[in-house]
Amino acid sequence: MNFDFSDEQKQMRDEARKFLAEKCPPKAVREVLDGKAPYDKALWQGLAEMGFLGVAIPEAFGGAGAGHLELCVIAEEMGRANAPVPFSSTVYLAAEALLLAGTDAQKQKWLPKIASGEAIGTLALFEGKGNPSPKAIKLQASGGTLTGVKKPVPDGAIADFAVVAARTGSTGRDADISLFLVDLKAGGVEAKSLTNVDPTRGQAELTFKNAKAEPLGAAGDGWSILTQVLDRAAVLLAFEQVGGSDRALEMGRDYALDRIAFGRPIGSFQAVKHILADMYVSATLARSNCYYGAWALSTNASELPEAAAAARISATQAFQHCSKNNIQVHGGMGFTWEFDCHMYYRRANTTALTLGSLSYWEDQLIDRMRKKNAA
Amino acid sequence: MNFDDTPQEAEFRATARKWIEANAPKQYEAELSKSSLGRIRLEKEEIVDVGKAWQKKKAEGGWACLHWPKEYGGRGATPIEKVIWQQEEGVYGKLTQPFQIGEGMCGPTVMAFGSEEHKRHYLPKLASGEHIWCQLFSEPAGGSDVAGLRTRAEKKGDNWIVNGQKIWTSGAHYSDYGLLITRTDPNVPKHKGLTMFFLDMKSKGVEVRPIKQANGMQEFNEVYFTDVVIPDHQRLGAVGDGWNVSLTTLMNERMSIGSRLATGFPEMFEFCSNLMTDDGLAIDDPATRSKLASWAVKASGLKYTSYRAISSLSKGERPGPENSIGKLVSGTMLQDIATYAMDLQGAAGELTGADEQAASGQFQQMLLSSPSMRIAGGTDEILRNIIAERVLGLPGDIRVDKDVPFNKIPTKGR
């Protein structure tokens, strides 16, 4: 059994960590947090030059042609660094949708631009409150155009193109939904930035008014493709969450070693130790679930739906747990703008929602386990 | 990243599988396959008798304590081969329960500190199940603080005279030998005055009394020592070095890798899938689903954490500290699952008769037994300290008794 990443993949993780430590220190994250820029453009270009944006994109489409395991290790580092770039929307959602359902021409048009950092992509799925559901999709497709409103759309205000879920039927079945590709710069789409809990990952409202769109995948296959895209993104985002969990744990541990109160390091008090030990437990469980998700993703195993949901739930819980307790270990200083704790707390609680909430994925997991047991 | 054996591992697995297929006591397979949540019982026979027969057969085939050197009763197998054996042994592994303390803790300590003569004499019989060993560490005055133990050993000529009491000794009533830690010098700080021995449990002055536990069962014992004579050659390690010797015993945690701790999750999932409530199947209720999902990812997280440790072994590395989380996670899970399974049954949840719904009271039994899972073998709090100090590198607690002679440490709170 070799249930671990290869030496080459670990080496890639080390490279990514080193690169991000240099190019994406907390100071850089704060530029975006403070609203001085919508995302870190220089970092985005740097990621392209390192080959990280196209790591899982085939060489024929301008990528590095590595694979999803390599993308998992990069994702972990993006989460650890809290990188303020549209990585998850572009790479996990838009690129994966294209890889799954795009024609050669569509892949040729967008994937090389993703890999080179020229194009930012996203998935426009949600229409207001609620979790992923075919019933919630009202945006209409007709005659090669789309009309309707999508929100929240991750990185929607800075995206160049979007994969859009639209209604093409009214039978009440999943087959009513189809996917479309829309060039957001070609007119017919209005983007409005929305304020949110984590400004380092922007959200937007996109209003489509007879916007020109081309089908992505066969008509009526939209929901089935979306389900697969969300599963893949769930694993990848879970690695970001694990990276963030580990960083929050380290920050708490370091502070507990340095901070003296009552004449001793606070890390020598069991009350503090036990908080940190529990953070380690949740981060470890999440990492192990993520490894299983990575295996399922990279081998396209039939276990992927269950593995993805498990990774998503475990990593969401771990990041929320670690980021909130990191603040607790820091005490009052953890509640200042100056300390970085809140940046991870914000990110933990937005990544917890961005592909659908924790309760949605819990529901998915139980459904999928039942299906497997019945089979 | 894969779950495949290396060619050598595959060959070893095939050999093990073939031998088990030809030799396993299949008449017990169905009974052993039933969920037992860590508590193994056979309907008509004693687990110790059936276990001894299986262990003996394994020893004859070269499969008992297989990771031990051949001269001490093993087959010189690698750590990963031991894990593969455990996987193949499957439900029959439950029969080895009476030998696990001997194999996992006493044996390795004798191997590290015993004389060559002792090793050749005692270890093969321990491996083959002919002799069962128990571990005599915990005392009424020293559980988590095991170095606070008070059982005295005093030198008289070539012998030691032992007086005192141990507690929570699993299997003492059927054990042939015991690994015993004693205080030989109360005038020095507590960790410095300890000495380790092994003794014949049939020695004069050894009295074993079963403890009636909070769940009504009797699985542990108190062991009393009254002027018990132990020859000096049965000492393990130097006089006063017992604490270091005991660390060897306690650090032998490798045995836990690959062995699966019960979490209660598979039983709970099945229960909720079948339990009809007034509002439909329990598993269709959103609150229940949410809880099930959280338990599911804990159970799978533990499973894949152990796979990561096995992968390290397979590469010839020492597994990292990840595996230390197993008991901490599963103990609380058992307790929480039992409580919720009973909650789902409403007022009838307290009933335990065999004709009641819900699997003849298995969750009610789990409720009553689960507190011990959070205490035995290291309390939740001690495990958190271990993770914090040894894994995360946090400073040790300030120990007020560290430099105080043992006989000057207060013995009463108020």
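Start where the chains meet. This is a predicted model, and in it the contact takes 37 residues from chain B and 40 residues from chain A. Which parts of chain B supply the touching side? Helix 9, residues 286-314, helix 10, residues 326-343, and helix 12, residues 380-391, each give at least two residues to it. Helix 9 of chain B has the largest share, with 16 residues.

The C-alpha trace spans about 75 × 60 × 45 Å along its principal axes. How does the radius of gyration fit? For 414 residues, a compact globule would have a value near 22 Å, and chain B has 23 Å, which agrees.

Now back to helix 9 of chain B, the one with the largest share of the side touching chain A. Helix 4 of chain B, residues 79-89, packs on helix 9. The axes are 8 Å apart, and the angle is about 135 degrees. Why call that oblique? The crossing of helix 4 past helix 9 in chain B is left-handed. Who makes the contact? From helix 4 of chain B, take B:Pro79, B:Ile80 and B:Val83. From helix 9 of chain B, take B:Ile310, B:Leu313 and B:Ser314. Five of these contact residues are nonpolar, one is polar and none is charged.

Helix 5 of chain A covers residues 87-101, and helix 6 of chain A covers 104-116. They pack with axes 10 Å apart, at an angle of about 160 degrees. The cut-off for roughly antiparallel is over 145, so helix 5 and helix 6 of chain A are roughly antiparallel to each other. Helix 5 of chain A also passes helix 6 in a left-handed crossing. The contact uses A:Thr90, A:Ala95 and A:Leu98 from helix 5 of chain A. Helix 6 of chain A brings A:Gln106, A:Lys107, A:Trp110, A:Leu111 and A:Ile114. By class, that contact has five nonpolar, two polar and one charged residues.

Next, domains. The domain assignment of chain A gives domain 1 as 7-87 + 104-117, domain 2 as 122-220 and domain 3 as 224-374. How far apart are the C-alpha centres of domain 2 and domain 3 of chain A? They lie 28 Å apart. Their contact takes 14 residues from domain 2 of chain A and 13 residues from domain 3 of chain A. The domain 2 side of that contact in chain A has seven nonpolar, four polar and three charged residues.

Last, two backbone details in chain A. The peptide bond from A:Lys151 to A:Pro152 is cis, with omega near -5 degrees. Where is that proline? A:Pro152 is found in strand 3 of chain A, residues 145-154. Then there is A:Asn82. A:Asn82 is not a glycine, yet has a positive phi of about 55 degrees. Find A:Asn82 in the loop between helix 4, residues 68-81, and helix 5 of chain A.

Terms used. Residues are numbered from 1 along each chain as its sequence is written. Chains are lettered from A and ligands numbered from 1 in the order in which they are written. This is a predicted model: local features need pLDDT of at least 70, side-chain atom pairs count only at pLDDT 80 or more; totals for chains, interfaces and linings use all residues. Domain bounds come from an automatic or database domain assignment. Two residues are in contact if their C-beta atoms, placed from the backbone, lie within 7 Å. Ala, Val, Leu, Ile, Met, Phe, Trp, Tyr, Cys and Pro count as nonpolar, Asp, Glu, Lys and Arg as charged, and the others, Gly among them, as polar. Helices (H or I, at least four residues) and strands (E, at least two) are DSSP runs, numbered from the N terminus. Axes are lines fitted to C-alpha atoms, for helices over the stretch in contact, and angles run from 0 to 180 degrees between N-to-C directions. A crossing is left-handed if the near helix is turned anticlockwise from the far one by less than a right angle, and right-handed if clockwise. The radius of gyration is taken over C-alpha atoms; the globule rule is 2.2 Å times the number of residues to the power 0.38. Angles under 35 degrees count as roughly parallel, over 145 as roughly antiparallel, 65 to 115 as roughly perpendicular and the rest as oblique.
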